[in-house]
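Here are my notes on this model, point by point. Please read them with the coordinates open.

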Amino acid sequence: MPDSAPTPAPDLLLDLRGTPEEIRTAAQSSAALLAESLSGTLQLDFTGGTDGPLLELTGTRGSITLEIRGGRLDGWVRHQQTPREDVRRLDAEDALGLDDSRPHSVALTVNSAGTHVFTDGYEAFSTTQSAWLGDIGLTGISVDPHRLMTPLRFAAWGGPLGLDAVVAQAVRPEPLIEFAAAELSPRDARRAGALARGTLRAVLRTRGLGQGGTALAARGERGVLSLAVEDGGLRWRVTRDGETVADHLAPGGWDDGEWHEIAVTSGRGALQIHADGHQVLHAPGEAFFGDIGPVGRVVAGQDLDGARLWGEVRTAFLHPEPLSDHQLKRLAGVRPLPTQALFDTGQDGARSHRIPALLALDSGVLLAAADRRVSIPNDAPNEISLVLRRSLDAGRTWEPARVLLERPGTPRPAPRPSEAPASSPGTPRPAAEAPATPHPAAATPGRGRLGAAITDSALVQDRESGRLLALVDAFPGGIGQPNAEPGTGHNERGRLLLHTPAALTSSQAAFTDSQTAPADSQTAPAGKPCDPCALEPDGRVLREDGSETGHRVSPDGTVTLNGRPAGSIHLAAADAPPEGLLTARTSFLQLLTSDDDGATWSRPRDITAQVKAPWMRFLGISPGNGIQVRRGPHAGRILVPAYFNGEPAAGAPAGVTPSTFFAAALLTDDAGASWRLGSPANPLSPESTTTTAAHAAPPAADPAARPAIPSTGRPASVSTAASEQGGAAGHTSLYESALVEGEGGSVHVFARNQHPSGRVAHAISRDGGETWGPLEFLEDVPEIFSQPNAIRVSLTGGGEPAEAVVVANASQLLPFRGRGVLRITEDEGRIWRSRVLVPRHYVYQCMAQLPDGSLGILWEREWQGLFFTVLPLEWLLESRSTGL
């Protein structure tokens, strides 16, 4: 990844300045100078007020293009390789405002970790692809090919610039007005009043805790505005014609006597406050100087009545445009954070990667896992494989991605029509004519929604043995959480049940593509019925009377009948030959183990029968990481977060419906040899003590005779309507969750939910995850129906050893899921400090503490990829924000 540490600067090969035409002409003649470069940096400074191409690098073996689209940065890298063209989109969707006719910098850096895209000094996007000018056989450079922009500078370096150097090279936004006294001149006040949108920046401090007051105020013919420090927080207030237009408070502790750079930005439909280059408030609606009419007076360091700030304003500025997060970081001198893509769209031909899992091992090895979504980016039903990368140097470099588990019927990605432009944006280019390489056991290739899925992984390590455990959901072809049928898919002896394709009457048809099954696919095989039959450990298939069917099933699910291929047990019914056998159309749980730091892995072991009840439709992993309890009576126990829903059937607790989900923990006290399911954090039923799911370890007995999950006897924490809670009346549904150890060996759960409070659900277990205390919704931790992650970290420094809990999640609908925030508490959640990592598109994440004490986080932008960022704990601990 790009390194934030000082490194020797690479040679500056090209630095073109002058008129726009001089820059365009000189760039065209510079291709030979750069044609042999295999790594390096390019930077283009420009102004522009419209969409259009910025830079086109063409060659004999590919191209690299950048363009402005919708005011954002977009682009493509196309590298012709054998057997297919490697195409990546440079989708810097969060780089806003590049069409505001103000100067901006765009830079590209390529190193061994991939391609990195920067806007105004900070990384906006990256891919795992490392194709550079020499790789594409560079023959032509075209800066501003359509002459829609104004190039200001085009520069090239012979190696990748360090992160700090990229920041230093970026253009610095210039203000329209700078304060040189406590009050603006009448002319400057009038100019300020003309700004319907823009940015106000002020460098200020109070004289100590509890002190504050007005830092800046303005009066116009129609109203007033002010920026103030109140109770340590930052308040922006605008009134117009006696009506409050905006009144926003960013809670925090900026009354600490230190200098802080505060920025208020109004534009693009929102009002934002930044403190020291970090966003601390984002609210819908704009409110700026133009709202208060012609402005006659603007003062700094006091209010309009002359009451002085308990502190001082060193300087202030007004910018005529809403500065971006990157521009504000540039002005505040924020150190960039090293980031790189680990999994991305187009990598190994996959349509997308999602669902991060990250684990730091005791040996120092770092593991990162993800879903590889082969041909479409959707959740299951879909063809999805589990992939893994390892780092042996704390995340600086990574081994190539490799498949840990995939199903027959889910071949490695075949070439597909490219979305990339051929020579100009919007022109499709056909993919290379290369054949697919199907799984050797696949009878019929998986097809999008008909594919089998290995999805939602969680990683954990047993400290005593060093063994790694990877738990993951598994679905047969055409099945996912929405259409999974009730059942464990196993008989009373724990044997996997198999069915003929004709016998399955799944609801999957509603979820498939327009593709249809072969005409003879519903023809039942001759002989005695096999609905269901049972799979024996040696691969034989037995009917209920104990006779053999003639089928054999290999460990990967491949089926033969009397020695002839008969498909796979994991295929969709529409893809299976009529003589084949299939698993139940439900969800399964698989366990893989490694005893050599993830270098090699065991075959998957199905643990579904140990933990799933017959009435459950879906029981799946909450992706990310599990934990092993370190303290208290349950020290050594491993817990992995899970969630489930069910069908109101025999043995199910009262009130269970498919729309109600429950969060619980999978528990093992023997390093994964046996498993059981603890009670859910949201009670199954306040009055029910009915049998729910298995609590005992295998060998499995009759499911109906299994011990019940203990009833807590607690009422549900809320009792609002189902439409408000995402569950049956009287229940609050909990979905994916994260577990973290607390004081004395207690366990905290933080859960995704649909509660109307819009806050993360939280409960504490005092018995190692078996049962849970009262459910609450944390006022300081917003929730937008997205997976949370939490870890316990060690704090280094002088004094007694200390620990803290860090929680991360997407915290605001923008209206897409976004605003990735990390929060830290050193007192079990009584006080939280927070900082925005990603102000815009951000969904799932997983964290791990690295050997040097820093924090690694693997996070995603939905379908665009998974990115690994390293940040020092001080980045979070120094934050003064308490209300994100």
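1. Which residue lies over the face of Tyr844, and at what distance from the ring centre? Arg354 does, at 4.8 Å. Bear in mind that the model is predicted. A second case of this kind involves Trp259: the charged end of Arg314 sits over the ring of that residue. Here the distance to the ring centre is 4.5 Å.

2. Next, ring against ring. The count of aromatic pairs is 14. One of them joins Phe288 and Phe289. The geometry is edge-to-face, with 5.1 Å centre to centre and 85° between the planes. Both partners are buried: Phe288 and Phe289.

3. Tyr735 and Phe785 make another edge-to-face pair. Their ring centres are 4.9 Å apart, and the angle between the planes is 85°.

4. How do the two partners compare in burial? Tyr735 has a relative accessible area of 10%, so it counts as buried, the cut-off being under 20%. Phe785 is at 24% relative accessibility and therefore counts as partly exposed. Both rings belong to one aromatic cluster, together with Phe475, Phe618, Tyr643 and Phe661.

5. Now the nonpolar cores. The largest has 61 residues. Which members touch the most others? They are Leu54, Leu73, Ile141, Phe154 and Leu822. Strand β52 (residues 802–813) gives the most to this core, namely four residues. A second, separate core has 41 residues, including Leu204, Ala250, Ala300 and Val821.

6. Leu54 deserves a look at its surroundings. Neighbours within four places in sequence are set aside here. Among the remaining contacts are Leu44, Phe46, Leu66, Ile68, Leu73, Val106, Val143, Pro145 and Met149. Leu54 is also in contact with Glu67, Ser142 and Asp144.

7. Helix α4 (residues 186–193) has buried residues at Asp188, Ala189, Ala192 and Gly193. Where do they lie around the axis? They cover an arc of only 145°, so they are on the same side of α4. These buried residues pack against β12 (177–178), β21 (295–300) and β22 (311–319).

8. Helix α5 (residues 325–332) is largely enclosed by the rest of the structure, because seven of its eight residues are buried. The buried ones are Asp325, His326, Gln327, Leu328, Lys329, Arg330 and Leu331. Just after α5 comes Gly333, with a positive phi of about 70°.

9. Last, a loop position. Ala635 is located between β43 (627–628) and β44 (638–646). Is this residue buried or partly exposed? Its relative accessible area is 44%, so Ala635 is partly exposed. Setting aside residues up to four places away in sequence, Ala635 touches Val629 and Arg630. Gly768 is 133 residues from Ala635 along the chain, yet their C-alpha atoms are separated by 8.5 Å.

How values were computed
Residues numbered from 1 in each chain as written. Predicted model: local features only at pLDDT ≥ 70, side-chain atom pairs only at ≥ 80, totals over all residues. Heavy atoms only, no water. Phe/Tyr/Trp six-rings, centres within 6.5 Å; stacked < 30°, edge-to-face > 60°. Buried < 20%, exposed > 50% of the residue type's maximum accessible area, 1.4 Å probe, protein only. Lys NZ or Arg CZ within 6 Å of the ring centre and 35° of its normal. Core = buried A, V, L, I, M, F, W, Y, C linked by side-chain atoms within 4.5 Å. Helix = DSSP H or I, 4+ residues; strand = E, 2+ residues; numbered from the N terminus. Contact = heavy atoms within 4.5 Å. Arc of directions from axis to C-beta.
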